[in-house]
Structure formats: C-alpha cells, structure tokens
Amino acid sequence: MVEELLTAAIAAGVGVAVYVGAAARVVKQYERGLVFRFGRLREEIRPPGFAMIVPVIDRLHKVNMQIVTLPVPAQEGITRDNVTVRVDAVVYFKVVDPANAIVAVEDYRFAVSQMAQTSLRSIIGKSDLDDLLSNREMLNQGLELMIDSPAVGWGVQIDRVEIKDVSLPETMKRSMARQAEADRERRARVINADAELQASHKLAEAAEVMSEQPAALQLRLLHTIVAVAAEKNSTLVLPFPVELLRFLERSAPPPAAAAAREEPAPAGPASEGPGPAEVADAAADAPPGLGGPEPDLLLDARPPEHELDGPRD
C-alpha cells in the first residue's frame, strides 16, 4: 500500500514537473509576450519575466521592442532636373504596440522595408540634385513622414530616417568637378585682382611720399641693395632710379645747330649729268665760237617789233 502511494506521488510529481516545464515561459526585458488561446488573442500582454500558459491550448508569441536598424537597398531614379542617381538609406524604427504589430500586418519588418523603398523613390523624383547633395535634413524629415504615416496603424513608430549615400554617374562627377574648379579659379582671380588694387593704392601713396622727400628714394635703394646682398649671390643687381636718368638727360648740353649747316651737300650719282641751270651758266660765260651763243642768233631770236606792239593801223 505504501509502495503504491509512493509510486502515485512520484507519478504526480513527474506530471506536475512536465506540466510546469510545458507551461513555463520566460519573457526577456526587451520583449513582450502575446498569448493566443485557440487562435484568439488574449488582451493581457505578458510583461518581462516568468510567465505561465496552458500547454497545448495557449501559444506565446514574443515581440521584440528594441529599435530596429533596417537598411534600405539602393534605389535608382531620375531627379526633377533629369539626373540619374542611386540613393540608399537606413531606417530606425521600433514597435510600440505589439498587438497591432502581430495582428494588423503579416510581417512588419518587410512592410516597413517596402514602404521605405517606395518613399525613397518618390523623394528622388520630387527633389533636385542639389537638394539630395546639400539639403538632406529636409529630405530626411519628408521621408520619415512618408514612412511613418502608414506605419502608425501597424503599431510601429519610425524613430529616424537617414539618406546614406548618393551615387552619381561618372560624367556628372566630372562635370561637377569642372564646375567647382572653375568657381575656385574665379574666386582666386578676384582675390588676386583685389590684392593688386590694394597694392597699387599703397604704391601710389609711397610714390607720393618719395616725391616729396627725395632722400626716401635713396634709402629705399639702399634697402634693396641690402636685401639682394643677403642672398649671398655672386651677381649684384643695382637698380637705377628713373629720376636719376631724367636728371642726366636734362643736364646734357643741346646739340649745336651750326654743325648741321657745315655738313657738305651730298653729291649726286656719277651717272647724272649737269643740270639745266649749270648748262645755262656755262653757256653765258663761254666766248663766242667756243660753244657760246652767236650774237646774230641772239638778236634774231627776239620777236619783231610789230609783233611786240601788236597790229598797227
């Protein structure tokens, strides 16, 4: 009799142990437990710790309440200014309502991923390339609102959305590099021109001071010599001021005008004969019969008196 009672007690103890082992569940700190009894959700949500369910009848489903990091695959699209880009992002979300996360949607992770991809493509089509590159904060906020609107009904809260990278075609990268280089060159030229303008003003003031004090120009010359000699060169370049050259030019005597008159007239070419004036003078000086004109011929050469006086009555 005692042996039968002992055997029954052992069997009951084993049964209780098996039942407790089958009914006992442990919910971790970052989880919440949902109990389904005959497929129906119980209203009570099991908190973290030890929990008991009815074996075979109840099913415990654990929901992770941690923030989930979900990478969004790179999406290729065309921006509003017709540039093809590839953009990838990352979404941070967490479950705030375990019941809706399990009942309202089949797989909330997959649903959030697909919604993030769709919203990212929509953001790409509505934005310009400059906004994608420089104004990401506003795009992140718009993307977060687009994902968070349907996720509220799924018991999911979008914590943060970040655009990670924007991939551009190689041609566009080269164009942007040329644009940046041209802009930097333009700014460099403006800075150089501004420096030249300021330097010209200072040089003009210095020239005005030196013109009033001639000794300042000599001191500047001596400073230049000292600066050149400090380089330990074998050749010393000594600049002369322009004022010194002008002083020497003013001090030189003017050239004599008589020297130009004393210069002999240039002789004509050897092939040229005597001119008409020389022939007339030679003929007048020569005696008759030696090439000079005959007296009769000279008299006959005169016109008659009646021709000189005109017609008579």
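**Ground rules.** I'm working with a predicted model, where local features need pLDDT of at least 70, side-chain atom pairs count only at pLDDT 80 or more, and totals for chains, interfaces and linings use all residues. Residues are numbered from 1 along each chain as its sequence is written, and side-chain values use heavy atoms, with hydrogens and water left out.

**Count.** I looked up the salt bridges (a side-chain nitrogen of Lys or Arg within 4 Å of a carboxyl oxygen of Asp or Glu). The structure has eight.

**Strand pair.** I checked R86 and found it bridged to E76, with the closest N and O atoms 3.5 Å apart. R86 sits in strand β7 (residues 84-95) and E76 in strand β6 (residues 68-78), so this pair ties together parts ten residues apart in sequence. Helices (H or I, at least four residues) and strands (E, at least two) are DSSP runs, numbered from the N terminus. R86 is partly exposed at 39% relative accessible area; for that label, buried is under 20%, exposed is over 50% and partly exposed is in between (1.4 Å probe, protein chains only).

**Helix α6, E170 and K173.** K173 is partly exposed at 41%.

**Helix α6, D183 and R186.** I got 2.8 Å, N to O, for the D183 to R186 bridge. These two also lie in helix α6, three residues apart. D183 comes out partly exposed at 31%, and R186 is partly exposed at 48%. Shared partners link D183, R186 and R187 into one salt-bridge network.
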